[in-house]
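Reader: I'm new to this one. Could you walk me through a few of its charged pairs?

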Amino acid sequence: MNDENYIKLCIELAKRGRGFVSPNPLVGCLIVKDDKIISAGFHQRYGDNHAEINAINSSKEPLIGSTLYVNLEPCVHFGKTPPCVEKIVSSGINKVVVGTIDRNPLINGKGIEYLKQAGIEVKVGVLEKECIELNQFFFKYITKKEPFVTLKIAQTLDGFIADQYGRSKWITSLASRKIVHHLRSQYDAVLIGVNTANIDNPNLDVRLTEGRNPFRVILDTNLKIKNNLKLINKNFDSKTILFCSDKAFKSKSRKLKYLNSKNVEVIKSDVIDNKINLKKILKKLARMNISSILVEGGSKIFSSFFEKNLWDEINLFIAPKIFGKGIPSFSNLNSKNLNAIDGINLIEIKTFEKDIFLRLTKNNY
């Protein structure tokens with residue numbers, strides 16, 4: 001096989017860490033000798049050994065004369081684990097092929113330079129675009145100190161996420177809902193507004209697929225959330241987070257006491273025009289090691305993220321249904337912000353049963 005094929009395998013290996021390594025990057029590694037793969041490894045869990053270390057430790061053969069393939073530049077700094085470059089150099093590996101440079105300011109080419117100074121041949125930029133996309137969550141988190149934000153929207157053909165009475169179950173098919181649960185397992189957190197929480201009473205879990213449940217973030221400026229919701233009373237993993245205003249935090253002590261008794265983390269946030277300051281909560285969530293967020297509604301929340309240009313990707317599920325009247329996907333957009341539409345790129349189209357799936361993104365990375 002050629003270098004590209006080996007890096008493709010590294011990417012597939014790396015994906016096995018989705019949902020478990022955040023806020024670290026997804027990394028897969030192969031070691032090849034005499035055109036034969038002699039060892040492989042991937043980063044399995046945050047705080048555990050990196051992919052390169054797992055591959056080196058798993059080898060049953062001497063590594064002298066071998067080539068190490070990895071989708072992301074090996075680390076050169078002490079974090080939760082020692083630097084990978086030292087282990088690579090001491091192992092006897094002769095050549096390293098890297099998919100893309102690590103944009104972490106602590107690395108950013110330093111790992112490659114370390115290997116070269118040690119006399120190891122290094123090749124960089126194999127399937128670079130694919131390797132960058134694989135770790136788009138990590139790259140935004142590590143360079144901008146904000147989570148990667150995806151708006152997940154399920155709507156009718158005429159653009160409604162609920163009927164005129166607020167009912168939204170179920171607009172899309174079971175196949176689409178399973179995909180959404182799979183998405184949740186890959187994101188660190190799911191975010192909704194209090195109206196969506198109170199009306200839909202969602203679980204925001206991954207019960208239709210395998211994987212770990214994400215954090216559940218609720219934006220509730222005035223602490224209007226109902227006490228009987230699943231997000232409150234089934235918070236057995238203590239992963240429900242609620243943002244409210246300082247005023248509500250100070251004035252609604254009974255509500256706050258009840259939420260605390262259910263292990264809901266309530267965080268005070270700045271408010272602008274009676275809305276939670278989205279930019280500041282993104283910064284706060286990043287400090288909590290949340291590197292990716294799936295925004296699931298409702299209409300005002302979608303509008304706010306879009307209008308303030310705080311989104312990175314849109315996952316749009318369109319069901320073959322027509323409501324005529326209802327709640328639109330974006331209800332609060334100002335026409336002055338129509339220029340925000342510029343630069344939106346359609347990069348993927350699929351079908352799930354009768355639903356159409358569109359993936360749209362921006363060229364930020």
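Reader: Is glutamate 12 buried, partly exposed or exposed?
Author: Quick background: this is a predicted model, where local features need pLDDT of at least 70, side-chain atom pairs count only at pLDDT 80 or more, and totals for chains, interfaces and linings use all residues. Residues are numbered from 1 along each chain as its sequence is written, and side-chain values use heavy atoms, with hydrogens and water left out. Buried means under 20% relative accessible area, exposed over 50%, and partly exposed in between (1.4 Å probe, protein chains only). Glutamate 12 has 45% relative accessibility, so it counts as partly exposed.

Reader: Which residue does glutamate 12 form a salt bridge with?
Author: A salt bridge here is a side-chain nitrogen of Lys or Arg within 4 Å of a carboxyl oxygen of Asp or Glu. For glutamate 12, the closest N and O atoms of the pair are 3.1 Å apart.

Reader: How many residues apart are aspartate 188 and arginine 212?
Author: These two form a salt bridge, with the closest N and O atoms 3.2 Å apart. The pair links distant parts of the chain: aspartate 188 sits in the loop between helix 7 and strand 8, arginine 212 in the loop between helix 8 and strand 9. Their separation is 24 residues.

How values were computed. Helices (H or I, at least four residues) and strands (E, at least two) are DSSP runs, numbered from the N terminus.
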